[in-house]
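User: I have a structure to get through before class. Can you walk me through it?

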Amino acid sequence: MAKKSFQELINSPGMPVLVDFYADWCGPCKAMNPVIQQVASEFTGKLKVLKVNVDNNQAAASQFKVQGVPTFILFHKGQAVWRQSGALPGNQLAQVIKKYVE
């Protein structure tokens with residue numbers, strides 16, 4: 001199977017895509033893992049979640065001007081509609097996603 005480009009992945013038709021820019025050495029990123037998993041399961045079939053390691057994917061990180069981790073960007077129909085740097089509670093993240101889930 002051919003590896004999809006980042007652009008192809010965030011252009012997911014009919015489904016918002018939450019991108020989690022993280023690093024293995026980042027404590028808050030590790031703390032957000034269970035939160036991201038919980039939100040992903042809450043929106044199963046309605047949301048795609050991508051985890052992007054900034055150390056391994058510097059091009060994607062610089063394309064979206066990610067300066068700190070974790071940074072979350074929500075894409076809807078290929079457009080960035082929301083972004084947040086730093087950890088946040090799962091219920092706050094879920095509220096944002098609910099606005100874009102069809």
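**V35 and its contacts**

Analyst: Leaving aside residues up to four places away in sequence, V35 touches L88, P89 and G90. Keep in mind that this is a predicted model.

User: OK. Where does V35 lie?

Analyst: V35 is part of helix α2, which covers residues 27-42.

User: Is V35 buried or exposed?

Analyst: V35 is buried. Its relative accessible area is 17%. The cut-off for buried is under 20%, so V35 falls inside that class.

User: How far apart are the C-alpha atoms of V35 and L93?

Analyst: They are separated by 8.8 Å. Along the chain, V35 and L93 are 58 residues apart.

User: Let's zoom out. How many helices and strands are there?

Analyst: The chain has 4 helices and 4 strands.

User: In what order do the elements run from the N terminus?

Analyst: The order is α-β-α-β-α-β-β-α. The radius of gyration is 13 Å, close to the 13 Å from the globule rule for 102 residues, so the chain is as compact as a globular protein of that length.

User: What box do the C-alpha atoms fill?

Analyst: Roughly 35 × 35 × 25 Å, taken along the principal axes.

User: What percentage of the residues is buried?

Analyst: Buried residues are 42% of the 102 in the chain.

User: And the contacts? What share comes from residues 24 or more positions apart?

Analyst: They account for 69%. That is out of the contacts with a separation of 6 or more.

User: Charges next. How many are positive and how many negative?

Analyst: The chain has 11 positive and 6 negative charges.

User: New topic. Which residues form a disulfide?

Analyst: C26 and C29 do. Their sulfur atoms are 2.3 Å apart. The structure holds 1 disulfide.

User: Remind me what a disulfide is?

Analyst: A covalent bond that links the sulfur atoms of two cysteines.

User: What is the handedness of the link between C26 and C29?

Analyst: Right-handed, with 85° about the S-S bond.

User: Are C26 and C29 buried or exposed?

Analyst: C26 is buried, and C29 is buried too.

User: Let's look at a strand. Where is V52 found?

Analyst: V52 sits in strand β2, residues 48-53. V52 is buried, with a relative accessible area of 5%.

User: What does V52 touch?

Analyst: Not counting residues up to four places away in sequence, V52 touches F6, V19, D20, F21, Y22, N57 and A60.

User: And A23? How far apart are V52 and A23 in space?

Analyst: 8.2 Å, C-alpha to C-alpha. In sequence, V52 and A23 are 29 residues apart.

User: Now the backbone. Which residues does a cis peptide bond join?

Analyst: V69 and P70, with omega at about 0°. P70 is in the loop between α3 (58-63) and β3 (71-76).

User: Why point that out?

Analyst: Because most peptide bonds are trans. Likewise, most residues other than glycine have a negative phi.

User: So what is phi for K65?

Analyst: It is positive, about 50°, although K65 is not a glycine. K65 is in the loop between α3 and β3. K65 is exposed, with a relative accessible area of 62%. Exposed needs over 50%, so K65 qualifies.

User: And K77? What is its phi near?

Analyst: Near 55°, a positive value in a residue other than glycine. K77 lies in the loop between β3 and β4 (79-85). With a relative accessible area of 58%, K77 is exposed.

User: Last one. Where does R83 lie?

Analyst: In strand β4. R83 is partly exposed, with a relative accessible area of 40%.

User: Which residues does R83 touch?

Analyst: F64, K65, V66, T71, F72 and I73, not counting residues up to four places away in sequence. So K65 comes up again, as a contact of R83.

User: How far is R83 from D20, going by C-alpha atoms?

Analyst: Their C-alpha atoms are separated by 10.0 Å. Along the chain, R83 and D20 are 63 residues apart.

Methods: Residues are numbered from 1 along each chain as its sequence is written. This is a predicted model: local features need pLDDT of at least 70, side-chain atom pairs count only at pLDDT 80 or more; totals for chains, interfaces and linings use all residues. Side-chain values use heavy atoms; hydrogens and water are left out. Helices (H or I, at least four residues) and strands (E, at least two) are DSSP runs, numbered from the N terminus. The radius of gyration is taken over C-alpha atoms; the globule rule is 2.2 Å times the number of residues to the power 0.38. Buried means under 20% relative accessible area, exposed over 50%, partly exposed in between (1.4 Å probe, protein chains only). Contact means heavy atoms within 4.5 Å. Lys and Arg count as positive and Asp and Glu as negative; His and the chain ends are not counted. The place of a charge is taken as NZ of Lys, CZ of Arg, CG of Asp or CD of Glu. A disulfide is a pair of cysteine sulfur atoms within 2.5 Å.
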